[in-house]
Amino acid sequence: MKTQINQVTNSVIVTEGLAKSVLTSEGVLHILSSIDLIIKSGESIAIVGESGSGKSTLISLLAGLDKPSSGAIFLNGKSITMMDEDGRAALRNQLIGFVFQSFQLLPGLTALENVMLPLELRGDKTAKAAATALLHRVGLAQRLTHAPKQLSGGEQQRVALARAFVTRPAILFADEPTGNLDSKTGANIIELLFELNQENRTTLILVTHDHALAARCHRTIRLEAGCLV
Amino acid sequence: MSRFNLALRLLWRDSRSGELTLLILALLIAVSSSTAIALFSERLQSTMSQQAAELLGADLVITSPEFIAPAWLEQAQQLNLISAHTVEFHSVLIEHDELILASIKAISDTYPLRGVLKISEGDAGVESIVHQGPEPGTAWLDRRLLSVLKLKLGDTLAVGEKPLLVTKIITYEPDKKGDFFSFSPRVMMNNLDLLATGILQPGSQVHYYFQFIGAAQAIVEYKNWLKPQLNPSQRVMDSRENRPELSSALNRAERYLGLSSILVILIAGVAIAMATTRYTERHFDATALLRCLGLKQQEILWLYSSQFVVLGLVASAVGSALGYCAQVGLFYILRELLPQSIAPASIGSLFFGFIIGMVVLLGFALPPLLRLKQVSALRVLRRELEPRQPAVWLVYGLATSLISLIIYKYTHDLKMTVSVLGVGIISLIVLGLLIMGLLKLIQKRLDGMSLLWRLGLQGLLRNNRASISQILAFSITLVAMLLSFNVRNDIIDDWQQQLPKDAPNHFALNIFPNQVQDFKEDFKQQHILGSEFYPVVRGRLTAINQIAVQKRVSKDSQGDNAIHRDLSLTWTESLPNENKLQAGEWWVRLQPGLVSVEQKLAESLGIKLGDSLAFTVGSQQFNARVASIRSLRWDTMKPNFYMVFSPGTLDAYPSTFITSFYLAESQKELLNALVKKYPSTTILEVDLILQQFKTLLTQLTQAINFLLYFALMAGFIVLMAAVYVTLDQRIVEGALMRTMGANRRLLRAAQLIEFSVLGLLSGVLAVLMSELILFALYSQVLHISYHPSFYLWLLVPLFNAILISLVGCWGVRQVLNKPPLLILRGL
């Protein structure tokens with residue numbers, strides 16, 4: 001019991017008996033079953049598996065985007081299972097960054113405004129300066145006032161990276177970050193992602209089909225039919 | 001057939017999933033309002049023409065301010081025409097210390113020649129039909145009179161000096177006129193009692209109606225015989241040629257209703273276009289798949305257009321039925337202004353709304369729908385491939401031609417159609433640019449604002465075109481509502497407010513020359529403040545410098561108004577108070593044959609100093625030279641005259657006197673004594689007349705507002721359509737924001753800002769426009785003083801913001817309710 005508590009307090013993410021099932025017309029469908037995970041601070045984890053194996057569901061639960069059917073999740077030692085949606089939103093804002101396969105920039109905002117957004121949601125007065133600095137860091141100094149649709153796919157993903165790191169999150173979830181990019185641009189983005197990850201000592205949780213990419217992480221977690229293998 | 005089945009199946013699925021709800025609602029609104037107006041106009045017009053004879057009360061009617069020559073009646077008899085006559089005038093009735101201005105109608109035994117009278121003999125309201133008017137010694141009363149004068153059937157009512165037994169309640173008479181004074185409640189009596197009332201004396205303001213029926217040929221012959229003998233104050237009307245006109249108020253209301261329904265169609269059309277745009281965009285993927293499976297462009301178009309045709313047919317049929325019900329409501333609101341039995345509706349009008357539905361659908365839905373034809377099969381692989389936007393000329397061209405056709409249908413006047421369309425398009429462009437400018441300004445200011453305000457306002461700026469349409473739809477509808485609300489209230493209130501406290505509030509007409517001295521004495525004894533007594537001769541202006549006056553006026557002008565009725569002509573030695581000489585000189589000595597003309601009328605008719613004006617009084621004619629032009633204030637509540645003659649000019653004609661006086665509320669009982677002492681004098685209570693006028697205006701504006709509610713509903717459909725067009729994007733953005741840690745409160749507050757600003761902008765714009773229009777209307781047309789309504793500046797934008805926020809936030813509630821997980825699922 002003592003070891004368990006230590007594990008919870010020293011780790012960024014801990015799950016115990018995590019399960020997710022949904023009710024369909026054909027009965028209960030188990031998407032995830034009995035997932036026990038301990039992820040330490042600064043670790044990088046690759047989650048791999050076939051389509052439909054439950055990868056996206058796992059990270060949606062870990063990031064507090066969805067509620068488990070049973071089991072518990074601790075982020076930075078705090079149980080998020082009993083929190084309501086707004087409570088989890090506040091926690092996400094403090095702890096978590098996201099990078100998505102399809103970039104997910106807000107089309108009505110400029111590159112700078114997209115990066116400022118998470119800081120502004122925190123009420124950070126230095127949002128503009130911090131966002132500008134990070135956009136410089138990802139090589140988009142000339143693109144601050146451009147709208148997403150004026151940027152190439154690679155540039156959009158750089159903006160998304162800057163947005164993910166601008167809050168210096170404890171945990172970064174990246175879901176197939178190169179899935180929509182050509183291999184050369186994808187490789188550049190991955191380089192940048194790992195560089196930023198090291199600079200910020202962020203815990204990285206990466207969903208990918210790319211074994212080479214998975215190999216760059218400290219650990220790989222494989223999911224099959226909703227179970228860890 | 002299997003393709004059609006597929007189309008039906010797709011239509012059924014889409015309508016069940018709510019994809020088509022807004023489109024159907026917009027279509028229902030357009031169809032039901034057009035059907036209602038088409039039915040309303042058609043039934044009104046056909047009532048007027050079908051019942052022309054009944055509304056005239058005869059096949060031929062002579063109207064005259066005096067009894068006609070006996071030879072005319074003899075001639076009618078020789079032609080085997082049956083005749084009847086009625087005498088109509090106003091009189092103040094007093095019973096139980098209550099008084100009211102009533103419209104008296106004395107009828108001959110043969111009345112009515114055409115149509116029937118309807119009466120009721122108790123409170124139960126059971127009507128019975130009779131073919132003859134009241135017996136001598138009795139009177140039939142409007143139900144309203146019984147309650148005002150606290151009378152019941154079997155009581156006695158004094159008309160002038162003659163007591164009459166009240167025996168029946170009159171509920172319908174065939175030849176009731178549609179003019180303003182017909183709103184005074186009716187007393188019908190037998191003309192054998194007329195003399196005993198003591199009311200009719202030479203010079204009294206009375207209308208005689210001589211009615212005739214007979215063989216068609218004999219009527220034509222009689223009319224031809226009669227025409228050359230009529231004097232300008234007499235008219236002959238034939239049921240075949242002279243369809244009775246609707247009263248001008250009703251006529252204008254009908255025109256305004258027509259224009260309002262175009263507004264509804266236009267706003268509903270915008271909603272249809274927006275809803276179809278969303279429908280189209282949501283069908284790109286399915287269409288790409290169908291194209292991939294081998295469907296040709298034409299087949300795609302057929303597949304979707306056949307769905308829209310079926311949808312249009314069903315919605316138009318339901319809309320027509322709703323329109324029928326709405327039209328019944330419209331007739332109910334206006335029931336007191338209209339004849340009791342209204343002609344039934346024809347299938348044609350019911351069909352009109354139906355056609356409008358299909359045409360509106362075609363005009364507004366086709367351009368966005370055509371995009372589906374352009375969808376490339378390659379989209380199944382590359383989702384970013386979107387078909388071209390429809391050509392601008394197609395979108396606006398179709399809509400404009402469609403609206404022009406509908407305007408033409410209502411106005412039947414090419415010139416008016418072009419001007420309504422021109423003014424409409426220019427106003428829309430100007431307003432559109434103004435709104436665009438405002439949105440640009442907001443965009444520029446966005447930088448310095450807090451995140452919350454930026455998020456809220458960005459919602460508004462997200463789709464400029466949709467925001468402009470929404471603001472336009474709401475502000476135009478609000479302008480129309482504000483105008484009808486303000487004009488009604490202001491006309492009456494402003495006038496009342498402007499009057500000094502002791503301004504005369506009663507007019508006394510038909511004072512006979514031998515009563516003037518007594519009247520003055522009575523005023524003095526009772527400390528009644530009276531204005532001057534002016535002699536009045538009723539006469540008509542017929543020619544200016546030997547040219548018939550009809551040739552000099554434009555329709556509906558002040559001059560036009562003045563030459564089609566008898567004017568009150570007067571004479572004085574000195575220039576009346578509150579009159580100012582603008583040109584010429586006032587007569588200083590006895591110089592008969594001179595006239596001073598009111599300035600505005602002179603301008604309208606092109607009358608100049610020195611012109612020779614020809615007048616007729618009864619059958620006699622005389623000329624006068626224009627010696628001066630006067631300006632005057634009409635709102636002084638003192639007798640005012642277009643034509644003032646030099647003393648001696650009108651001596652040959654019978655005259656009565658007119659004056660006005662002020663009675664405080666506490667002196668009202670003096671009125672009873674006056675009316676009893678001078679039964680032939682008509683006393684008009686300004687308060688009462690204003691009250692009747694107010695009732696009339698209220699009913700007309702209610703009818704117009706009734707239709708504007710349709711426009712408001714259409715406005716909300718536009719709002720919902722605009723919200724739904726962007727809903728998918730809003731949901732994704734909302735989920736993304738929440739993924740990054742935004743809470744619901746922030747998102748809700750941003751939505752509230754977006755819709756409140758939309759409401760505020762359209763509200764402020766509406767008040768601004770309505771105030772500008774009112775200012776122009778009051779200062780240029782109605783000549784009443786303009787007061788900006790500060791409370792409207794506050795209330796309208798505020799209520800509009802609240803209402804639009806409620807509806808808008810309800811429309812986007814999914815943004816808050818969809819879990820942020822969606823953002824991952826969508827990957």
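I began with strand 3 (residues 44-49) of chain A, which runs parallel to strand 9 (residues 219-224) of chain A, with 5 bridges joining them. I took helices (H or I, at least four residues) and strands (E, at least two) as DSSP runs, numbered from the N terminus, and two strands pair if DSSP finds at least two bridges between them. Opposite Ile47(A) I found Ile221(A) of strand 9.

A caution for myself: this is a predicted model, where local features need pLDDT of at least 70, side-chain atom pairs count only at pLDDT 80 or more, and totals for chains, interfaces and linings use all residues. Residues are numbered from 1 along each chain as its sequence is written, chains are lettered from A and ligands numbered from 1 in the order in which they are written, and side-chain values use heavy atoms, without hydrogens and water.

Next I followed strand 9 to strand 10 (residues 227-228) of chain A: they pair antiparallel over 2 bridges, and Glu224(A) has Cys227(A) as its bridge partner. The two strands form a hairpin with 2 residues between them, and Ala225(A) in the turn has a positive phi of about 50°.

On the other pairing of strand 3, I noted 4 bridges to strand 8 (residues 203-207) of chain A, again parallel. Ser44(A) is bridged there to Leu204(A).

Which order do the 6 strands of the open sheet take? I wrote down 6-7-8-3-9-10 in chain A, with mixed pairing. Strand 6 (96-99) and strand 10 are the edge strands, each pairing on one side only.
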